[in-house]
Amino acid sequence: PHRPRMLESPPAGLASAVATLNNLPQDLLAELAFSVLDFVGFESGVVPVDAFHKRIADAGTAVTLTALQDATNALVYVFRSATRAKATDEQLAEQLRTAVSLAFTSATVKVLKRVWGDRRDSIIASDAVRHALNVGKLISLRWKLGLAVRSHTAKNLSRAYVALELTTADDTGMARKHACELSISQFQSLAGKLKDMASMLEVV
């Protein structure tokens, strides 16, 4: 059977970061892993390491903030590797178990397998969309509010929507236009995410 290629060219310090992961309470490890997947899947812009550090300390586990950040980076590396390989949960678990130099414990492997299995499909789908929409440098963005008054199922349907048109340039400088239509709720969600991004940039 095909074995996906994962965990190649591991970053320096990965083994010590894995040791930190092995030492975390399993419930908090699972929560941290889910938070990392939110980050990997572009559902959130940051993993709240400070908050996790406090909760782990309150649970009685001694770990420095730097070590926890390194452990979080290790999870990002593992899950991004699994995403690129489109690995199943069992394939990921096998890779972790056979990575002798990293010394994942069976308990840690079990948690990461469960978390990845729960979110795998949505993360891989999100990654595929991101690559499909790799539109290059943004030149301009135009939008307008519209009202759909007919559809093939309901002649008298009135539905507000937002039409977006993005003009981008690829690596060669060629301009391309990309259009999409969002419902009002989708546009409000997008606007909220952009607002969150702007708030984060203010503190960078």
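This is a predicted model: local features need pLDDT of at least 70, side-chain atom pairs count only at pLDDT 80 or more; totals for chains, interfaces and linings use all residues.
Me: Why is Thr-108 called buried?

Reply: Buried means under 20% relative accessible area, exposed means over 50%, and partly exposed lies in between (1.4 Å probe, protein chains only). Thr-108 has 2% relative accessibility, so it counts as buried. Thr-108 belongs to helix 6 (residues 106–132). Of the 204 residues of the protein chain, 32% are buried.

Me: What makes the pairing of Thr-108 with Asn-22 a polar contact?

Reply: A polar contact is a pair of N or O atoms within 3.5 Å; within protein, one must be able to donate a hydrogen and the other to accept it, and residues adjacent in sequence count only if both atoms are side-chain atoms. The side chains of Thr-108 and Asn-22 make such a contact at 2.8 Å. By the wider test of contact (heavy atoms within 4.5 Å), Thr-108 touches Leu-21, Asn-22 and Leu-29, with residues up to four places away in sequence left out.

Me: Where is Arg-119, and why does it count as buried?

Reply: Arg-119 is also found in helix 6. Its relative accessibility is 16%, so the residue falls in the buried class. Leaving out residues up to four places away in sequence, Arg-119 touches Phe-34, Leu-37, Asp-38 and Glu-43.

Me: What makes Lys-113 and Glu-90 a salt bridge?

Reply: The rule asks for a side-chain nitrogen of Lys or Arg within 4 Å of a carboxyl oxygen of Asp or Glu. The side chains of Lys-113 and Glu-90 meet at 2.8 Å, N to O, and form a salt bridge. This pair links distant parts of the chain, with Lys-113 in helix 6 and Glu-90 in helix 5 (residues 89–98), 23 residues apart. Lys-113 is partly exposed, because its relative accessible area is 27%. Glu-90, at 37%, is therefore partly exposed as well.

Me: Which residues does Lys-113 touch?

Reply: Without residues up to four places away in sequence, Lys-113 touches Asp-89, Glu-90 and Ala-93. Asp-89 is 24 residues from Lys-113 in sequence, yet their C-alpha atoms are 5.2 Å apart. Across the protein chain, residues 24 or more positions apart account for 59% of the contacts with a separation of 6 or more.

Me: How many salt bridges does the rule give?

Reply: The count comes to eight. Among them, Arg-120 pairs with Asp-121, with the closest N and O atoms 2.9 Å apart. Lys-177 and Glu-165 form another, with their closest N and O atoms 3.8 Å apart. Lys-177 lies in strand 3 (residues 175–183) and Glu-165 in strand 2 (residues 159–169), so this bridge ties together parts 12 residues apart in sequence. Lys-177 is called exposed because its relative accessible area is 58%, whereas Glu-165, at 26%, counts as partly exposed. Elsewhere, salt bridges with shared partners join Glu-90, Arg-97 and Lys-113 into one network.

Me: What makes the nonpolar surface patch?

Reply: Patch residues have over 30% relative accessible area and no salt bridge; nonpolar side chains (Val, Leu, Ile, Met, Phe, Trp, Tyr) are joined within 5 Å, like charges within 9 Å. Leu-138, Leu-141, Trp-143, Leu-145 and Ile-184 make a nonpolar patch of about 520 Å². Strand 1 (residues 137–148) gives the largest share, four residues. Ile-184 is in helix 7 (residues 184–202). At 32% relative accessibility, Ile-184 counts as partly exposed.

Notes: Residues are numbered from 1 along each chain as its sequence is written. Side-chain values use heavy atoms; hydrogens and water are left out. Accessible areas come from the Shrake-Rupley method with a 1.4 Å probe; for residues, only the protein chains shown count as cover. Helices (H or I, at least four residues) and strands (E, at least two) are DSSP runs, numbered from the N terminus.
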